[in-house]
Amino acid sequence: MNEREKILDKYSAKVFKNRKDHVVQFDNAGMPKEIAANSRSIPGLMSNRGCCYAGCKGVVLGPLRDVVVLTHGPIGCGFYSWGTRRNKAKSEDGKSYIQYCFSTDMQEADIVFGGEKKLRQAIEEAMELFNPSCIMICSTCPVGLIGDDINAVATWAEEKFNIKCVAYSCEGYKGVSQSAGHHIANNGLMKSIIGTGDAPLTKKYSVNILGEYNIGGDGWETERLLEKIGYEVVSIFTGDGSYEAIKNAHTANLNLVQCHRSINYIAEMMKTKYGIDWFKVNFIGIDETIRSLREIAAYFNDPTLIANTEKVIAEELEEVAEAREYYKEKLHGKTAAVFVGGSRSHHYQMLLADFGMKTIIAGYEFAHRDDYEGLEVRPNVKVDADSRNIEELTITPDDKYYHLSIDKERFDALKLTTELEYYKGMFKDMGDGTIAIDDFNHYETEKLLELFHPNIFYSGIKDKYMIQKSGTPSRQMHSYDYSGPYAGFKGAIKFASDTYMSLFTPAWQYITPPWRMQPTLEGKVGGAD
Amino acid sequence: MLDLTPKKIVERKALRINPCKTCQPVGAMYAALGVHRCMPHSHGSQGCCSYHRTFLARHFKEPAIATTSAFTEGSSVFGGGSNVKQSVKNIFEIYDPDIIAVHTTCLSETIGDDLNTYIQQMDIPEGKIVVHTNTPSYAGSHVNGFFNMMCGFIKYLSKATAVKNGKIGIFPGFVNPGDMREMKRLAKLLKTEFIMFPDTSGVLDAPMTGEYEMYPKGGTTIPEIVSLGDCEKILALGELTSMEPAIELKRKCEVDFDSLPLPIGIQATDAYVMALSHFSKQEVPAELEEERGQLVDIMMDAHANFDKKSVAIYGDPDTVLGLAAFVLEMGMIPKYLLTGTPNEKFTTKANALFEKFGVTGCKAKANGDLFELHQWIKNDPVDLLLGTTHGKQIAKAEDIPLVRAGFPIIDRYVHSYMPLVGYRGAMRLLELICNALMDRRDRDAKDEDLEMVM
């Protein structure tokens, strides 16, 4: 039995039939592999997945700093998504709602008699207290079941207060994971926000950063690099992002997609509607950051921009050169497991490679097949009932704003050599006996530790302490264990230094007490003197 | 920080801002983790389970296991019966607990899933047990979920036989493993035979050994829960948390109970110790009297540093009441007491405390939120904040020292190992409070006023 078979061995026939397609082990030949993904979790298996609400409110909408994101439901959902994702934000005028949690805190009577009245009242109160220019309503499970018409309430709010109010029906039970919520959030932003502003551009080359949630300040570091080269960052979706900026996203020349899973819908819809091309970039990892910056410069093909890009790369590289060598020497040859987020299990493999570390286990909670196998797999993906329930918007070119930045000939040429409108997926960077698991669960995590003995396991809080208790260092990669930023050149060093710290913290030496190693009791046999 | 919070207070009827409570299921999950070899199971969509596990892991810095029925849109329409049945089968096969404790969510409650029937229809392996409780997220708070789960265990398992077991049942309330350990230590000092239920010590404060144990040594065992029905008496600690399960046990097995406040501070610990002594018919040992005397000694030594200082206390009702009683014993003024849990008994009890200690100008509110607490403080400030992590924003905004106590504390370490209860817990609490105030005095002192000796 290989490791994959050993993991699956314990399962009953029914569970095996499902899980076997979610676990893929690579051989040396590098044969293309197919994986089952974005399908229902098996009840009772202790999946790490979250829900549609978590994807919509928690991930995509929550970081918008100038929006009152109002959770319509009982208190828990709003409470849990309050300040817990480390999507940092600061606003010049002090008008940031990030520090606040807003909820209708539905009670039994609201469930029985309907919650629309309370939702309206909550909006009135929010308007009186804060007077925001934008409110977003996010539904939780019971709202969809009792049939509150949150869209009608949003329309009422827009008319009554002359604000933007968008309703998101992101009930937790929709779809099979957070992923459905990303899609619903993307749809709402596309339908109601993007394209409603007309602020003029200030620089010749402008971009949006998509799927960058500014966890630990990653977005700020990415923005710093781009601005240093000379780009205008029109908007960020959505880390430290704002309604005011996203309104103008359609004016940018190019979209940069960091997290493919959570935001690819907007990238593709903006291409159709506004003609804006997109790149799959990755600012996690030194070599990947360099690749991304060069591809963006190549897209605009301006000698000054290209020269600036090389200058910035050289400067940043020089700044980290010594530390990079130091950590490479310390970390080289260490093995890792990576289970995080939308594209991060892929991104972090590239960063680990910067320091000579090898990823032997990787996977996602909520990815789709294209995140694993590359965009070319899309036509072969079967859409099941759960995904069909999530609306697919029909997008047509916009009369006023549709514009192409480069001609078709250059587009085609670039597409051959870069990740222009292409995501290659995680699998192409894996191989050689390593293993990939989709929607990994607690039991499988235990088996992975037992079979592969990685030196470090990057995952989330739910499995962190289990992994650590079993003797393997574990770092949270959703929250960076409250560190970061990890993006860009300096971020890579921060990541390496954190990894080094967790691998070698002195506490690892003290697990076994000395009396387990040598006897402490002294005595004589048989009562002799 | 919190720059948008206005000083002017307007009444809110619908909008909850910066809550001071969360929903029932997380409390149920916590209670179930206090049962040995138990798998908590969340009957709802995946997100609920994920959020609750996350919060418990963040508070305790420990693995918090639980499974989910993983509702889809289909199950939300047609009912979650097949999901929970499939779950139970898989859980026993893969994770092999002795018992599965199912709690509901707002989703399964809204569609009216009947867990009684589902459980009867299940094919449960020989010797294994499935229990459930109803924890609608739209009623009460996580505290209700905690005691509802206790009631669930009692309803399913506790039995009165003809023979009493000579033990006292201790319901510790929604407290940390460190508190439960201290309550048990006191009971042992008084040579009391007891059953603590639930008991998360040894589960959510398990040691690092290099081996991961899915079911660590701790937790109330199933035979112990059964045997609660044969206890001589129950000590229900924290009336607003532990009374309901005590009443449930009384109803089912006719076990009498005494309800006491959480043993935080001198008098509440005295009452706990006296109750144990009364039950075990043992004199309070000198060792314990010494501890008490040390605490009083410290209170006297340090009193000038906290006397008449005002404090805002927020969190779960019984914890807030316990902390309030102790700060009153210290001579401090608990100016604002606030809980997010909707229970008017909290206000009544708080007002009774104000009256007992003869303090005026103090205010208590149940079903409140931290936005409102912040507004109170903006209008009339306090010297200290005492409560959970989520008050740190107010502490920063108003530059007020914060001492962390209660649930959840997701931004600090060690707290869950250490008690707030008992004389030792009171010493620790006093040290935390006193240090916070004295550090503040040092920080604010002009160079010429910095005291070397205090």
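**Entry 1: the annotated stretch of chain A**

I began with residues 51-502 of chain A, where the chain is 46% helix and 14% strand and the end C-alpha atoms are 30 Å apart. Helices here are DSSP runs of H or I with at least four residues, strands are runs of E with at least two, and both are numbered from the N terminus. I looked up the record for this stretch: an unreviewed UniProt entry annotates residues 51-502 of chain A as "domain: Nitrogenase/oxidoreductase component". UniProt positions are given in the numbering used here, feature names are shortened, and annotations may be inferred rather than shown by experiment.

I noted that this is a predicted model, in which local features need pLDDT of at least 70, side-chain atom pairs count only at pLDDT 80 or more, and totals for chains, interfaces and linings use all residues. Residues are numbered from 1 along each chain as its sequence is written, while chains are lettered from A and ligands numbered from 1 in the order in which they are written.

I then turned to chain B. The unreviewed UniProt entry gives "domain: Nitrogenase/oxidoreductase component" for residues 23-437 of chain B. Over residues 23-437, chain B is 48% helix and 14% strand. The end C-alpha atoms of that stretch are 33 Å apart.

Which strands form the open sheet with mixed pairing? I read the order as 5(A)-4(A)-2(A)-3(A)-1(B), five strands in total. Its edge strands are strand 5 (164-168) of chain A and strand 1 of chain B, and each pairs on one side only. Two strands pair if DSSP finds at least two bridges between them.

I checked the place where the chains meet in this sheet. Strand 3 (residues 102-103) of chain A runs antiparallel to strand 1 of chain B, with two bridges joining them. A:F102 has B:I17 as its bridge partner. A:S103 stands opposite B:R16. Strands of a sheet pair through backbone hydrogen bonds, either parallel or antiparallel.

Two helices lie across strands of chain A. Helix 3 of chain A lies across strand 2 (68-72), strand 4 (134-139) and strand 5, at about 155° to strand 4. Helix 6 (residues 116-130) of chain A lies across strand 2, strand 3 and strand 4, at about 155° to strand 2. Axes are lines fitted to C-alpha atoms, for helices over the stretch in contact, and angles run from 0 to 180 degrees between N-to-C directions.

**Entry 2: helix 3 meets helix 9**

How do the axes of helix 3 and helix 9 of chain A cross? Helix 3 (residues 52-61) and helix 9 (residues 178-192) come within 6 Å and cross at roughly 55°. Helix 3 and helix 9 of chain A are therefore oblique to each other. Angles under 35 degrees count as roughly parallel, over 145 as roughly antiparallel, 65 to 115 as roughly perpendicular and the rest as oblique. Contact residues include A:C52, A:Y53 and A:A54 of helix 3 and A:Q178, A:S179 and A:A180 of helix 9. Residues are in contact if their C-beta atoms, placed from the backbone, lie within 7 Å. I sorted the contact residues into 10 nonpolar, six polar and no charged. Ala, Val, Leu, Ile, Met, Phe, Trp, Tyr, Cys and Pro count as nonpolar, Asp, Glu, Lys and Arg as charged, and the others, Gly among them, as polar.

**Entry 3: chain B against chain A**

I found 61 residues of chain B in contact with 65 residues of chain A. Helix 2 of chain B gives the largest share of the chain B side, nine residues. That side divides into 28 nonpolar, 21 polar and 12 charged residues.

**Entry 4: a parallel sheet in chain B**

Five strands of chain B form an open, parallel sheet in the order 12-11-10-13-14. Its edge strands are strand 12 (363-365) and strand 14 (402-404) of chain B. Strand 10 (residues 310-315) and strand 13 (residues 384-387) of chain B pair over three bridges. B:A312 has B:L385 as its bridge partner. Helix 15 (residues 370-379) of chain B lies across strand 10, strand 11 and strand 12, at about 175° to strand 10.

Most residues other than glycine have a negative phi, and most peptide bonds are trans. I looked for exceptions. A cis peptide bond joins A:G484 and A:P485, with omega about -5°. A:P485 lies in the loop between strand 14 (474-476) and helix 21 (488-504) of chain A. Another cis bond joins B:F407 and B:P408, with omega about -5°. B:K191 has a positive phi, near 50°.
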